Amino acid sequence: MVSVPTHPAAHPTVSPLRRILVEIHRGGSLDDVAARIGVAPDEAAAMVDYWVGRGVLTREAVSGGCPPAGCGGCALRSSCAAPGLTGASPGLTGRPLLHTIRPADPPRE
Amino acid sequence: MPDPRTPVLTPACCPTPEHTRTAGAPVVALVGNPNVGKSTLFNALTGARRHVGNWPGKTVQVARGTWPPASGTPVDLADLPGTYSLVPRSPDEELTRDLLVDPGAEGRPDLVVVTADAANLARNLYLLAEILETGVRCVVALTMTDVARARGITVDEASLARELGVPVIPVVPRRRQGLDALARAVRKELDHAVREEGDVRRPARPFHLAVPQGDDPELAAAEARYAWVHEVLAVVRTQRAGAGLTLSDRVDRVLTSRWFGIPAFLAAMWGVFTATTTLAKPLQDGLGAFVDGPVTDSATSALSGAPGWLRGLLVDGLIGGVGQLLTFVPLMVIMFVLLALLEDSGYMARAAFVVDRLMRRLGLPGRAFLPIIVGFGCNVPALAGLRILGNRRQRLLVGMIIPYVSCSARLTVYVLFAAVFFGSTAGTVVFAMYLLSVLLVVGIGMLLRKTLFRELRGEALVLELPPYRLPTLRVVGAQTWQKLAGFLRTAAGVIVATVTAVWLLSAIPLGAASGTSFGETPIEHSVFGALSRAAAPAFAPAGFDDWHAAAALGTGFVAKEAVVATVAQTYSADEPDHPDHAGELGTRLHETFERSSGGHPLPAVLAFLVFLLAYTPCMATIATQWQEMGGRMTLLSTGIQLTVAWLLAVAVFQIGSLWW
């Protein structure tokens, strides 16, 4: 189990790798988080990679509610106007995607 | 115990254990993070001499090819799956980890070329740290140096080589720059390995990983690596003074700022709707005249011998309804193109960021903005998208506010009425409806949050914004077509069904007209007319106590795509003997609202549009809500929608009629 500090100010010696978990709760952009923990934005992105790898954080492209497997598996595909930021549609790859980074979900209620 | 750095020479064609340590082509593996130009480099190095196949003993596909690095024996070059770390998350990454970490792994490379992105060096250095720890011999190919330079970032290759203890070669694979230098470095390292196996290179800055401390050795090791990465970056990377901010950063400072973010978003949306209505108007008028004129005339003359009920169904119903909606195709195309341009440029991600910040400030769940943005296209997939919210109470709250998000089907009604009643300011009226939609989402959301959902707490969420870029014709075209086709597909089905149902109900005589036969009764005296007339008085306080308006809102409950068709159908069928009135829908609407509002048509129309925005979007949303939220919450949600819509419409008319 990963031990996470409750507030970075209370733990000045806590490493940026642990502090980033706290800062995720304060929201904003990843650049904001990087500035708050005193590292470069790509360092913060690398730290997120680490926590995503450990299953503590989740990084997802904004998928507009479309299923991860794409339109093929969606019951609404015949009526869907493919709205949203990304859709999961063929031919629309390569778009600039917004990613969300957040703590991994607990088991579904 | 063999030194893991001892080169294992493997023939290119058949890297099996029995062939290891025999003279032949050594194996060189390309390793790196995803999207750093690794495969581009592989293609540039191998040209046509490559094939893709499963790695021996694995189901993972790997591209392999022959690369002649400088003089001497060619090497077998393998493009290993991209990874951020040697802690694997997939079978692909597991292969990369196994080959680098396990000294006895089948086909273990003699040398690794680590592809590192100079513009995002930190992410690449973490992987490099792990690779260096394995002891495998490596060369770094530094890619994206041009991108880094454009951002004002300079990476000192000599310092980086010193820090890492391995050669660092800048390359631009697309222009074939640096490939010869990379080939020489790889050849030298391979030769060096064969001649001086005992000579181990060491990085200038040693790792502090010897004895990981604490109760989580893996975390301690990662912390040490990140600390090392931070120190290395401080030595090798410099950013030009004033160039720390990219163009993206500078634009973002304005577009995502606390003060200008929301006004900039609203200005962008106002621009979209004003441009849409202005540019589409002449095309829409032309199409309308074509449908009302030649198409209707031809159909009328072709059906001159047909029974009246059939003419009513085909001409007044299908051609009138579907034709009226088809006039909105240019408008939809223009709007979808403009929205696709905003999206493909990266701006919509900023809009989402701004909306997310606003919602968090108001205490609404962070991820709520995702389905809400989807809802501007269609509420049904937005409700289906509630599954992304892990907490059931969050799903209920967001599911109750999604119906207030103005979907694209409502847009056609706004545009029809705004163009008829507000002329050149139609775009501003449409924009105002979208603004009201956002205010309703936020207002109702806050109200629910403070009453039924008081226990809900904020959610941790950070957004990673993509850089801006020039939109591409391919993506904008594909996106526009996809949305337009989806809209037309839905609209066509719904309209044909509702037009037929409306025609059927309007063909059945009732009351005073009971003496007339099926299909011959005036629509006002039909079942449909009677139902609409019965509902109309409920809208008297809102200024549109008229059966046409009530009928349109009735079919709008089924689907908003049907509203325009019903308006066209009821006015057209109203006076079937006066087909010349068909082109005067605007005049008829003016007369109706003038009469029903007692001389205040503009506030009455605004009240009608506000009601249309706020009441139940369609039957499909009710079905989806039922599925996602259960029957009780769906009924509560529908009740709230109807109440809010009626109260708002009455308020708009009563207050508006004081001025207009």
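Helices here are DSSP runs of H or I with at least four residues, strands are runs of E with at least two, and both are numbered from the N terminus.

Before we go on, a bit of housekeeping. Residues are numbered from 1 along each chain as its sequence is written, while chains are lettered from A and ligands numbered from 1 in the order in which they are written. This is a predicted model, where local features need pLDDT of at least 70, side-chain atom pairs count only at pLDDT 80 or more, and totals for chains, interfaces and linings use all residues.

Chain A averages 67, and 51% of its residues score at least 70. Helix 1 (residues 16-24) of chain A has the highest confidence, with a mean of 90, while strand 2 (residues 99-103) of chain A has the lowest, at 78. In residues 1-11 of chain A the pLDDT stays under 50, and the model has 17 contacts beyond four places in sequence for them. Residues 72-93 of chain A also stay under 50, with 67 such contacts. Two residues count as in contact if their C-beta atoms, placed from the backbone, lie within 7 Å.

What about burial? A residue is buried if 20 or more other C-beta atoms lie within 10 Å of its own, exposed if 12 or fewer, and partly exposed in between, again with C-beta atoms placed from the backbone. Of the 109 residues in chain A, 43% are buried.

Now over to chain B. An unreviewed UniProt entry lists a "binding site" there, and among its residues are B:G32, B:N35, B:K38, B:D79 and B:P81. UniProt positions are given in the numbering used here, feature names are shortened, and annotations may be inferred rather than shown by experiment. Although the listed residues spread over 51 residues of sequence, they cluster in space, with a largest C-alpha distance of 13.0 Å.

Let's look at two of them. B:N35 sits in the loop between strand 1 (27-32) and helix 1 (38-46) of chain B. Is B:N35 buried or exposed? B:N35 counts as exposed because it has 11 C-beta neighbours inside 10 Å. B:P81 lies in the loop between strand 4 (75-79) and helix 2 (91-101) of chain B, and B:P81 is buried because 21 other C-beta atoms are within 10 Å. Leaving out residues up to four places away in sequence, B:P81 touches B:V60, B:D92, B:E93, B:L95 and B:T96.

Further along is helix 24 (residues 619-629) of chain B, where B:T621, B:T624, B:Q625 and B:M629 are buried. Seen down the helix axis, these buried residues fall within an arc of 105 degrees, so they line one face of helix 24 of chain B. That arc is taken from the directions from the helix axis to the C-beta atoms. The face turned away from the buried side carries the exposed residues B:M619 and B:Q627. Covering the buried residues are elements including helix 14 (379-384), helix 15 (392-401) and helix 25 (631-656) of chain B. Just after helix 24 of chain B, B:G630 takes a positive phi of about 95 degrees.

Key
pLDDT is the predictor's confidence in each residue, from 0 to 100.
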